[in-house]
Amino acid sequence: MDKLVTRIQTAAGARLADTVIKNGYVLDSYNLELVKADVAIVNGVIAGIGTFEGVEIIDAEGKYVVPSLIDAHVHIESAMVTPTEFAKAVLPHGVTTVITDPHEIANVCGTEGLSFMLEDSETVPMDIFFMLPSCVPSTSFENSGAILTAKDLKPFYKHNRVLGLAEVMDYPSVAETSDSMMQKLNDAHLHNKKIDGHAAGLDSRAINIYKAAGIDTDHECITADEALERIQRGMYVLIREGSVAKNLKQLLPAITERNARRFMFCTDDKHMNDLLNEGSVDHNIRLSIEHGLNPLLAIQMATLNAAECYGLKTKGALVPGNDADFLLLDDLESFSIAHVYRGGKLVAENGSTEGKKRPADTVMNSVHIPELTEDHLRLSVGEGKANVIEIIPNQLVTNKLNIEVDRDPNHAFMPSAKNDLMKLAVIERHHHTGNIGLGIVKGLQFKQGAIASTVGHDSHNLIIAGTNDLDMIKAAEMIEYMQGGLVVIKDQKVIGKLPLPIAGLLSDKDYRTVEKELENLDQALELIEAPTHFNPFLTLSFLSLPVIPDLKLTDLGLFDVKAFRHISITE
């Protein structure tokens, strides 16, 4: 009560504010106007906009004062660092609030993974809110490290930073009203929580089903027509610009003054080096402005829209009663950030932040794979054409090809750098099953060697692509030695690596070290003549995700997403 009294007295001018920002142009997020006014702050909360005096004066010197940014959907694990290190990386980019879905680590470590992420993010100088993973595993057509039932998730709704149920990607379970999915959806509704969607490739009938189920968002739109179809049915559309999936340019034409309040920005999956070099949703803002979007509208999408969608009532706008989370911008058009404040305190200037790490013992030692031989990787393709996964650079969707491939005299597939056809293997690494799914991939384009990773959405089994079996075997050996990570092999030698010992997904090192290791990986990719217009590792990581069309590979074999079943290599 004392804080409420103090805030009211400050708003009335009866007492000095703790801090007053003067001489800045303040964004009115509701009228989309800039106002020359003071901002009064007390106990980390805005008390008023107008004319005020305070104990501390921040001279904005003609800068723009705007709300700090909200990333509406991100998997922190894709940055390959802990929440503590993630915060250090993104705060200088103006992001003080993120809504994260920890389904990557949950697929490996279950509730222990969720608890680790919640506890590690407890003391960081930013607000990290959580959505509970709805589909662990994402489908029944693969083997993940854990299974999360409605009963497993329910206790987490008591946590004050849990906002709802994360992206529902198992559309058949929703459409067929499976008991397990209905229980998860019903629990979210009973707790008055938000439910996120994942509607990749779904038609209007499917969108009706999702919205009828109370699923309110989608971040998988790749065309303006898809976005408008979802907006028409009352959903929010999250415009994604990540390291692989870059949909912003295609979706901008869907935005008008009439519907803009239903759009927001997200990164979804973004590597650490891309976060540091491009930024987080600040990059989405800059790119939108470059392509003609009103800067104030772009900022509104990255702040107020996300706050309203997720029920963050004290976020997203600089108004009395809201948290004093704001940025000082040197320039609107370039979205040049000078200072980042959270709760009225400077939290990022020159990239310096603090946070307390939590021990990761419970989520280590998660990689268990068999000793491989060339026989394990032999892929018989028989006669005729073979089914091939064709990647689309910078997209999560793939094409299903049925084409002629090279065979040896025993009808086993022979990789061909000339034809850009490589062998792909997904090896179960959680439960010692010995499962190995084999397939063929077109479009990775490197000329020699192999690449491997334990970041393989969503079950995060070991995934390897290579031009020959011996390099693929060496890659598997190195991954097990590191207990997870990324590796580049050439002539059976390790030429680049990034250890990820926490669940096979996260580094136990600081974010700057991870950035340097990623740079070394890029240099290794150059040595095998990999392409530079897309990220081979991020592309590889989505080739085992059996909920995004058209053709993917799990530890159980080739999976036709549209038919929603496994198929043979020659079917």
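Is Arg161 buried or exposed, going by its relative accessibility? Arg161 counts as buried, because its relative accessibility is 10%; buried means under 20% relative accessible area, exposed over 50%, and partly exposed in between, with a 1.4 Å probe and protein chains only.

1. Basis. This is a predicted model, in which local features need pLDDT of at least 70 and side-chain atom pairs count only at pLDDT 80 or more, while totals for chains, interfaces and linings use all residues. Residues are numbered from 1 along each chain as its sequence is written, and side-chain values use heavy atoms, with hydrogens and water left out.

2. Arg161 and Glu122. The structure holds 26 salt bridges, a salt bridge being a side-chain nitrogen of Lys or Arg within 4 Å of a carboxyl oxygen of Asp or Glu. One of them joins the side chains of Arg161 and Glu122, at 2.9 Å from N to O. Arg161 lies in the loop between helix 5 (150–153) and strand 9 (162–168), and Glu122 in the loop between helix 4 (111–120) and strand 8 (127–132), so the pair ties together parts that are 39 residues apart in sequence. Helices (H or I, at least four residues) and strands (E, at least two) are DSSP runs, numbered from the N terminus. Glu122 is partly exposed, with a relative accessible area of 48%.

3. Arg342 and Asp127. In the salt bridge of Arg342 with Asp127, the closest N and O atoms are 3.2 Å apart. Arg342 belongs to strand 15 (residues 336–342) and Asp127 to strand 8, so this pair ties together parts that are 215 residues apart in sequence. Arg342 counts as partly exposed at 27% relative accessibility, whereas Asp127 is buried at 14%. Both residues belong to a network of salt bridges that also links Lys315, Asp323 and Asp325.

4. Asp218 and Arg230. The side chains of Asp218 and Arg230 form a salt bridge of 2.6 Å, N to O. Asp218 is in strand 11 and Arg230 in helix 9, so the parts tied together are 12 residues apart in sequence. Asp218 and Arg230 are both buried.

5. Glu220. Glu220 sits in the loop between strand 11 (217–218) and helix 9 (224–232), and counts as buried at 6% relative accessibility. Its side chain makes a polar contact with the side chain of His219 at 3.2 Å. A polar contact is a pair of N or O atoms within 3.5 Å; within protein, one must be able to donate a hydrogen and the other to accept it, and residues adjacent in sequence count only if both atoms are side-chain atoms. Leaving aside neighbours within four places in sequence, Glu220 is in contact (heavy atoms within 4.5 Å) with residues including His198, Arg240, Asp268 and Ile548.
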